[in-house]
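Subject: Structure handover

Hello,

The structure is below, and my notes on what was found follow it. Please read them with the model open.

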Amino acid sequence: MRPFTYQRVDSATAATQAAMAASGAATLPATEAPVQFLAGGTTILDLMKLDVMRPQALVDINPLAAAGGGDITAGPGGIRFGALVSMAQAAEHPAVLRDYPVIAETLVLAASAQLRNMASLGGNLLQRTRCAYFRDTHWQACNKRKPGSGCAAMDGMNRQHAVLGTSGECIATYPGDFAQALIALDATVEIAGAAGMRKLPFAMLHRPPGSTPQIETVLAPGELITAIEVPAGAWTRRSHYLKIRDRESYQFALTSAAVALDLQQGVVREARIALGGVATVPWRAREAEAALAGQRLDETSATAAAAAAFAGAQPREHNAYKVVLGQRTLVRALLEAAEMPV
């Protein structure tokens, strides 16, 4: 691990100021993220040990939990999570279990109990890809680590890689589970920065790789996610997350589906669908939602929606199976959600 400085702050303003000051003094290129915020540390410390990320400064934001960053507030209009709420806290909250089961399921299925006790919700949203070519610096061709160097996954072992949202520069999969619930439920994120506070639809937070895969979010230097807000809706209680993986214990998704349904006598008034394990960013399957609108939810309509969801897939040599598996995952998730008691 390379040398770095460490600073502990107790407010969002102090965090932004510390990050901006450290960024100004840094000598690394901007693509190598010279300053990182530290919460649970379950991702950043691993990547620092692998020499994939080399921040010159860590800004510890854990004291912000005492100033509201660790709070969960639920009401008739929705639920608000401070960014420093742990995955375990959120998954076990009575309002989440009762009114937003898809959120609880994404969190429980995302990691081991030890990691859920440490990892923060804000940090979870910003986790980096599990692409082996990104995480192993012996591979020189990785446009995320070294822009312009190429993408070894294109013609390499790409079984785990994305089939949706890819570009000619990168096919790395976004690895998170919680994000799929948030994008399906139209969540927003609250962000603190040098210009003050702003709110952003969660669907706009992550950037598809395009020609600049090293730029993964729209966050400006020094900006910090401080809270996540999820609106209540007729679909939130009938919501479900299905995750398919190589083993049932702690493992990343091969394919997954987060669904939320507003049903009236078996007919879909509104469907919210997100797909995981198959895309470069948290993925809202709006084509599938449109295909279900006004339809009686059964295996036939679910299958048609699943086909629409993957109509734009661009598989590679080893990951073509994800198209069929992803469709089957979505069909099963929809049918299971339809049977939920609400």
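Helices (H or I, at least four residues) and strands (E, at least two) are DSSP runs, numbered from the N terminus. With that numbering, Ala220 falls in the loop between strand S7 (196-201) and strand S8 (224-231). Please keep in mind that this is a predicted model.

At 17% relative accessibility, Thr217 counts as buried, since buried means under 20%.

Aromatic rings

How many aromatic pairs does a search of the whole structure find? The search gives 2. Tyr133 and Trp139 form an edge-to-face pair, with 4.8 Å from centre to centre and 80° between the planes. Within this pair, Tyr133 is buried at 10% relative accessibility, whereas Trp139 is partly exposed at 42%. Tyr250 and Phe252 have ring centres 6.1 Å apart and planes at 50°, so this pair is tilted. An angle over 60 degrees would be needed for edge-to-face, and one under 30 for stacked. Tyr250 is partly exposed, with a relative accessible area of 33%, and Phe252 is buried at 18%.

One ring also has a charge over it: the charged end of Arg272 sits over the ring of Trp235, at 3.9 Å from the ring centre.

The second largest pocket

The second largest pocket holds about 310 Å³ of space. Its lining is made up of 18 residues, and Arg130, Cys131, Ala132, Gln160 and His161 are the closest to the pocket centre. By class, the lining of this pocket splits into 10 nonpolar, 6 polar and 2 charged residues.

Helices

Helix H5 covers residues 101-108 and is mostly covered, with 6 of its 8 residues buried. Which residues of H5 are buried? They are Pro101, Val102, Ile103, Ala104, Thr106 and Leu107.

Helix H7 spans residues 121-125, and Leu121 lies in it. Leu121 is buried, with a relative accessible area of 0%. In sequence, Leu121 and Ala309 are 188 residues apart; in space, their C-alpha atoms are 27 Å apart.

Helix H11 takes in residues 299-309, and Ser301 is found there. Ser301 is buried too, at a relative accessible area of 9%. A polar atom of the Ser301 side chain lies 2.8 Å from the backbone oxygen of Arg296.

That is the list of what was found.

Regards

Methods: Residues numbered from 1 in each chain as written. Predicted model: local features only at pLDDT ≥ 70, side-chain atom pairs only at ≥ 80, totals over all residues. Heavy atoms only, no water. 1 Å grid on protein atoms, 1.4 Å probe; cavity = no way out; pocket = protein on both sides within 12 Å on 5 of 7 lines; lining within 4 Å. Points joined across faces, edges and corners; volume = space filled by probe spheres on them. Nonpolar A, V, L, I, M, F, W, Y, C, P; charged D, E, K, R; others polar. Phe/Tyr/Trp six-rings, centres within 6.5 Å; stacked < 30°, edge-to-face > 60°. Buried < 20%, exposed > 50% of the residue type's maximum accessible area, 1.4 Å probe, protein only. Lys NZ or Arg CZ within 6 Å of the ring centre and 35° of its normal. Polar contact = N/O pair within 3.5 Å; in protein donor to acceptor, adjacent residues only side chain to side chain.
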